[in-house]
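Subject: Structure handover

Hi,

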Amino acid sequence: MKSELVVDVQKDEISLALTEDERLMEVSRETRQMTYSVGNIYLGKVKKVMPALNAVFVDIGYEKDAFLHYLDLGEGFSRINTFTQAALKKDRVPSIGKLYNLPELGKDGQIEEYLHSGDYLLVQISKEPINTKGPRLTAEVSLAGRNIVLIPYGDKVMVSSKIKSEAERSRLKQLVQSIKPQGYGVIVRTVAESKRVAELDNELQLLIKRWEETTHKLIQYQQPQVTLVTEELGRTIGLLRDIFNPTFESIQVNDEDVFNDIRAYVELIAPDEQKKIVHLYKGAQPIFDHFQITRQMKTGLGRTVGFKNGGYLIVERTEALWSIDVNSGSKKQGADQEENAYNVNMAAADEIAHQLRLRDIGGIIIVDFIDMDSAENQQALFEHVRELLARDRAKHNVLKLSKFGLMQITRQRVRPAVETETQEVCPTCLGKGKIGPSLLFTDTLREEMEAYTKLFGKHLRLYVHPYVYAYINKGVFNSLRQKWQRQFRVKILESQQLAFLQYYFTDKQGNRLKLEYKHSDDTDRPSEAKDNES
């Protein structure tokens with residue numbers, strides 16, 4: 001399987017697309033103002049204690065207070081909380097040995113016994129804010145690396161259950177036990193299989209150093225305050241850390257700064273691979289268009305999604321759950337109704353597993369398969385779905401088909417699902433159904449070219465919808481295009497991300513340009529915009 005990561009860096013947004021054998025599997029967007037917050041460690045302040053929920057609401061600086069349940073305090077809460085309080089009060093911080101001897105929390109306690117309104121505590125975000133809910137927190141702070149996860153003030157060494165070899169599990173556990181200091185717990189991740197002791201020890205020391213830097217920040221605070229203590233890696237690096245494996249053949253980036261960050265990180269985790277797989281994309285065509293990401297997003301993220309055998313899915317979201325309806329379509333089927341239903345359902349299962357990853361759907365998912373009478377076919381479908389979802393990194397659970405033909409799936413929800421509007425309102429008529437003559441659009445482009453070249457110089461790039469590009473480049477206006485290029489030195493390119501009559505200009509480096517008009521008493525003169533949006 002060939003894996004490829006495509007990173008589209010724009011002024012206000014970074015988009016990531018993961019493909020497997022050129023099929024889009026995961027996509028995410030994050031604006032420059034919105035940081036990837038899962039894994040961030042905060043010094044938070046308890047705002048409200050809710051005994052009925054056995055939970056507290058914690059202020060960590062978000063618009064909505066974050067939620068912390070008693071079961072998310074962790075067994076070692078008394079140790080890390082004792083350290084936090086001592087650090088904030090500038091008392092002498094207890095040694096790890098003394099903290100290690102503190103009792104662990106039971107699973108049946110009450111949170112009001114340990115936390116009160118106004119208390120400060122160290123917490124970590126485990127789930128992003130979703131819809132009207134604030135972030136979900138855990139007080140069992142951990143630092144994730146490529147091969148291991150460090151748990152301060154713990155002691156246990158656990159090995160990923162996805163490592164099936166008992167001999168390898170035993171080797172890794174003994175190895176980590178021999179190199180870790182007292183007072184630190186470690187989770188060995190799946191990618192650590194067959195790794196050498198030197199590599200694991202180097203990463204362990206880096207994570208311990210990072211934790212010590214976090215503790216020094218607490219001691220240096222003049223007074224307790226709600227603040228971000230340790231920030232998680234960016235979304236791009238975080239995704240790389242979790243999914244990077246030998247099947248990665250290419251990482252394509254269209255921004256030099258992000259390219260350097262990724263190359264440096266890949267050099268750290270896989271020194272032999274970084275020169276071969278990380279590439280800086282310099283093409284004029286938008287990077288998502290070049291690698292067929294835009295096309296797959298528009299065909300795969302709509303309400304209706306087709307799959308092989310002529311069937312299609314209807315994917316809809318409600319407040320409580322996601323529903324997926326399987327339809328056989330109009331393609332001619334065989335004479336055996338049971339066999340037809342089985343074939344369509346098995347093909348639909350492949351696309352459903354794909355959709356869960358692609359949209360990052362979480363929570364409760366109800367799938368309405370086509371009814372089958374055979375118990376053997378129902379069991380085969382259930383096992384097929386479980387096998388497909390075994391490749392999914394998110395935690396999930398699948399129940400057998402009910403007597404109504406419904407399959408219930410739960411999937412870990414960490415951040416909001418990816419949603420893309422594939423039906424566009426006409427940007428010219430705003431849904432009224434009438435637009436001006438298309439001939440006038442060419443006049444608009446000519447006027448814009450003239451204004452842009454006067455301000456920014458020649459050799460600019462003009463991006464238009466593929467239909468408009470074909471109309472100008474290959475239709476009756478081909479000679480007009482040649483005249484424009486001679487006169488203005490503007491290169492006309494197509495972009496699948498644009499609506500029909502949308503367009504924008506960039507310079508040779510790919511930076512978007514925009515005109516602003518400053519009004520004076522006698523004339524309007526264009527000037528360069530402060531932002532690059534068009």
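Below is what came out of the analysis, taken region by region.

Keep in mind that this is a predicted model.

**Main core**

The largest nonpolar core has 33 residues. Leu43, Leu122, Leu150, Trp211 and Leu218 have the most contacts inside it. Both strands and helices give two or more residues to this core, among them strand 4 (41–50), strand 7 (120–127), helix 1 (77–88) and helix 4 (197–220). Helix 4 gives the most, with six residues.

**Helix 1 against helix 4**

These two helices pack at an angle of about 45°, with their axes 7 Å apart. That angle makes helix 1 oblique to helix 4. On the helix 1 side, the residues that meet helix 4 are Ile80, Phe83, Thr84, Ala87 and Leu88. Their partners in helix 4 are Trp211, Thr215, Leu218 and Ile219. As a general point, an α-helix has 3.6 residues a turn, so residues three or four places apart point the same way.

Is threonine 84 buried or exposed? Threonine 84 counts as buried, because its relative accessibility is 1% and the cut-off is under 20%. Leaving out residues up to four places away in sequence, threonine 84 touches Leu43, Leu122 and Leu218.

Leucine 389 sits in helix 11 (residues 375–389). Its relative accessibility is 2%, so leucine 389 counts as buried. Which residues does leucine 389 touch, not counting those up to four places away in sequence? They are Ala353, Leu356, His396, Val398 and Ile409. For leucine 356, the separation along the chain is 33 residues, and the C-alpha atoms are 9.0 Å from those of leucine 389.

**Helix 10**

Helix 10 (residues 337–359) has 23 residues. From first C-alpha to last, helix 10 reaches 32 Å, close to the 33 Å expected at 1.5 Å a residue. Helix 10 is mostly covered, with 18 of its 23 residues buried.

Both ends have a feature to check. At the start of helix 10, a side-chain oxygen of aspartate 336 comes to within 3.0 Å of the backbone nitrogen of glutamate 338. Just after helix 10, aspartate 360 has a positive phi of about 55°.

Best wishes

Conventions:
Residues are numbered from 1 along each chain as its sequence is written. This is a predicted model: local features need pLDDT of at least 70, side-chain atom pairs count only at pLDDT 80 or more; totals for chains, interfaces and linings use all residues. Side-chain values use heavy atoms; hydrogens and water are left out. Helices (H or I, at least four residues) and strands (E, at least two) are DSSP runs, numbered from the N terminus. Buried means under 20% relative accessible area, exposed over 50%, partly exposed in between (1.4 Å probe, protein chains only). Contact means heavy atoms within 4.5 Å. A nonpolar core is a set of buried Ala, Val, Leu, Ile, Met, Phe, Trp, Tyr and Cys residues joined through side-chain atoms within 4.5 Å. The expected span of a helix is 1.5 Å times one less than its number of residues. A polar contact is a pair of N or O atoms within 3.5 Å; within protein, one must be able to donate a hydrogen and the other to accept it, and residues adjacent in sequence count only if both atoms are side-chain atoms. Axes are lines fitted to C-alpha atoms, for helices over the stretch in contact, and angles run from 0 to 180 degrees between N-to-C directions. Angles under 35 degrees count as roughly parallel, over 145 as roughly antiparallel, 65 to 115 as roughly perpendicular and the rest as oblique.
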